[in-house]
Amino acid sequence: MRDISAIRADFPILERRVGDHRLAYLDNAATTQTPRQVYEVYEEFYGGYNANVHRGIHALSHEASVAYEEAHDRLAAFVGASGGREEMVFTKNATESINLVAYGWGLNELGPGDEIVTTQMEHHASLVTWQQVAKRTGATVRYVEVTDDGKLDLEHAKELIGPDTAIVSVVHVSNVFGTVNPVGTIAELAHDRDALVLVDGAQSIPNRPIDVESMDADFFAFSGHKMAGPTGIGGLYGKRSLLKGMEPFLYGGEMIRNVTFSDASWNGLPWKFEAGTPPIAEGIALAAAADYLADVGMDAVRDHETELAQYALERLADRDHVETYGPPAGEERSGVVAFNVDGVHGHDLSSLLNDRGIAVRAGDHCTQPLHDVLSIPGSVRASFYVYNTTAEVDRLLDAVDDAPAALDAYLASDRYHDAIAEHYANPRNEGAMQAPTFTKSSEETSCGDDGEFHVAVAPDGTIEDLAFESESCAVSTAVASILSEQLEGEPLSVAASLDGDVVDMLEGTFPDLRRDCVVGPEEVVREGAREHLEAAAESGPATSER
């Protein structure tokens with residue numbers, strides 16, 4: 001691989017500082033940074049030949065059309081598609097690519113009795129899409145289970161993929177575990193049953209060589225912004241025979257061949273799937289990103305990312321207060337490392353890391369069902385790329401070690417009211433309640449908060465007792481404590497009328513319902529109180545509901 005310092009020089013954003021610290025960007029599974037060789041394409045396009053494609057016979061339109069068409073060819077070659085542009089559709093992102101297959105093929109081909117097989121480690125972009133298609137077509141979705149070490153259970157896959165399977169949708173690389181799934185083996189299982197295979201390659205195309213023909217994928221979806229490219233552009237590889245027989249996902253200009261007042265016929269591939277003015281500059285820039293990665297060498301990208309992940313995993317495994325997820329150190333995986341630190345919620349850890357200039361992601365990473373399987377509300381994810389270094393991993397490890405002690409100072413800082421730190425350190429009414437009148441669960445999946453309120457209502461309609469259980473960040477836990485203390489003895493109708501009143505509680509002016517600031521746990525109490533009042537109004541005194 002090229003010298004790491006030379007690669008880093010291609011990414012000027014890595015020179016920026018966050019507060020007093022040099023940026024350590026470790027959130028690459030969400031979005032990678034973009035080298036100057038890619039974003040300079042925008043200046044070249046808009047400053048030199050900005051025009052619509054396939055719409056004019058003037059020089060600028062011709063130049064834009066040629067560049068845009070050639071971008072399809074370059075991406076097709078990058079993923080090993082010998083069919084060229086006819087097998088490479090440009091979309092907005094991997095999500096749209098999956099939806100294109102779901103709507104263009106799934107809605108027309110699936111019906112009652114058909115089965116869609118996917119996995120427990122799928123991104124919501126795939127999992128939710130196929131759920132909705134199943135609801136509309138009468139098909140059934142079945143899920144391949146994951147093993148304790150974050151791999152697909154291939155024996156279970158063999159059981160699920162059967163004569164009724166119509167399509168298997170599988171993520172190539174897990175965005176939580178970093179697991180590299182054996183998509184070729186899964187494709188073979190599917191094709192033996194005459195089923196199609198859609199591979200979600202959002203987390204694999206950035207960091208390893210891709211050969212869609214070798215893996216025998218029928219479809220392969222990916223995003224540009226995860227492979228050193230721009231946002232707003234992605235791609236769908238599809239076998240020519242399948243794309244040719246599919247219905248378009250969108251209708252309008254460019255995707256038509258002929259239109260009358262009674263009907264229309266479609267353009268050739270891939271244009272019949274690219275309705276309207278396409279993302280021209282983004283498509284050309286995406287090809288530049290593929291060229292950049294090819295120049296570095298995809299084997300070298302994979303090896304560098306893997307080396308960093310293994311380096312991090314080995315050292316995290318030595319820390320008793322850290323739990324990692326997915327294949328252990330020494331086994332094949334991508335540059336994704338998900339973990340949790342005892343006593344420090346992921347949202348808080350992410351904030352503490354940000355104070356040191358370290359960018360990671362915390363939450364469920366758009367895999368809420370997978371985190372349910374793991375019995376955790378969320379995790380912290382560090383994800384490495386071609387420009388990251390072991391020195392940045394060391395910074396992460398140092399911050400992880402300091403996190404439990406740093407949390408108190410973080411809460412006591414001037415960014416929060418003093419009561420937040422006090423209630424977090426000494427929470428009131430924490431724990432389960434025996435036989436509550438009603439309970440209400442709280443989940444904020446974007447940051448991994450999870451909790452439950454237990455409310456006991458007296459015969460006169462006042463809140464007799466209120467308790468909570470929480471696996472939430474420090475602020476959410478503190479707010480739950482404040483609510484449980486302040487609402488005891490209040491009429492249930494007051495809880496149902498809450499609207500930002502935590503601010504007043506902090507200042508000692510509650511109740512004052514004029515505020516419009518809303519804090520998460522308050523919404524849960526309010527919703528639960530309203531539901532209980534509505535149930536009581538309909539059926540008289542309510543019994544315990546769970």
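**Ground rules**

I number residues from 1 along each chain as its sequence is written. Because the model is predicted, local features need pLDDT of at least 70, side-chain atom pairs count only at pLDDT 80 or more, totals for chains, interfaces and linings use all residues, and side-chain values use heavy atoms, with hydrogens and water left out.

**Entry: salt bridges**

I looked up the salt bridges, and the structure holds 22 of them. The term means a side-chain nitrogen of Lys or Arg within 4 Å of a carboxyl oxygen of Asp or Glu.

I began with aspartate 216 and lysine 239, whose side chains meet in a salt bridge at 2.8 Å, N to O. This pair links distant parts of the chain, 23 residues apart. Aspartate 216 sits in the loop between α8 (212–215) and β9 (219–223), and lysine 239 in the loop between β10 (234–238) and α9 (240–245). Helices (H or I, at least four residues) and strands (E, at least two) are DSSP runs, numbered from the N terminus.

I use buried for under 20% relative accessible area, exposed for over 50%, and partly exposed in between (1.4 Å probe, protein chains only). The areas come from the Shrake-Rupley method.

Next I checked arginine 428 and glutamate 485, which form a salt bridge at 3.3 Å, N to O. The pair links distant parts of the chain, 57 residues apart. Arginine 428 is in the loop between α15 (418–425) and β18 (438–444), while glutamate 485 is in helix α16 (residues 474–487). Salt bridges that share partners also join Glu69, Asp73 and Arg85 into one network.

I noted one more pair, aspartate 303 and arginine 302, at 3.2 Å, N to O. Aspartate 303 is partly exposed at 46%, and so is arginine 302 at 25%.

**Entry: a negative patch**

Which residues form a negative surface patch? I found Asp318, Asp320, Glu323 and Asp342. Patch residues have over 30% relative accessible area and no salt bridge, and like charges are joined within 9 Å. Asp and Glu count as negative, and a charge is placed at CG of Asp or CD of Glu. Aspartate 318 lies in the loop between α11 (298–316) and β13 (322–325). Aspartate 318 is exposed, with 63% relative accessible area.

**Entry: cysteines**

How many disulfides are there? I count 0, taking a disulfide as a pair of cysteine sulfur atoms within 2.5 Å. I also looked up two cysteines. Cysteine 473 is buried at 4%, whereas cysteine 366 is partly exposed at 25%.

**Entry: backbone angles**

Most residues other than glycine have a negative phi, and most peptide bonds are trans. I looked for exceptions. Aspartate 216 has a positive phi of about 60 degrees, although it is not a glycine. Cysteine 366 also has a positive phi of about 60 degrees and is not a glycine. Cysteine 366 is in the loop between β16 (361–363) and α13 (368–374).

The peptide bond from leucine 269 to proline 270 is cis, with omega near -5 degrees. Proline 270 is in the loop between β12 (264–266) and α10 (280–296).

**Entry: glycine 238**

I found glycine 238 in strand β10. Glycine 238 is buried, at 0% relative accessible area. From glycine 238 to glutamate 122 I noted 20 Å, C-alpha to C-alpha, and 116 residues in sequence.

Methods
Patches are made of residues with over 30% relative accessible area and no salt bridge: like charges are joined within 9 Å, nonpolar side chains (Val, Leu, Ile, Met, Phe, Trp, Tyr) within 5 Å. Accessible areas come from the Shrake-Rupley method with a 1.4 Å probe; for residues, only the protein chains shown count as cover.
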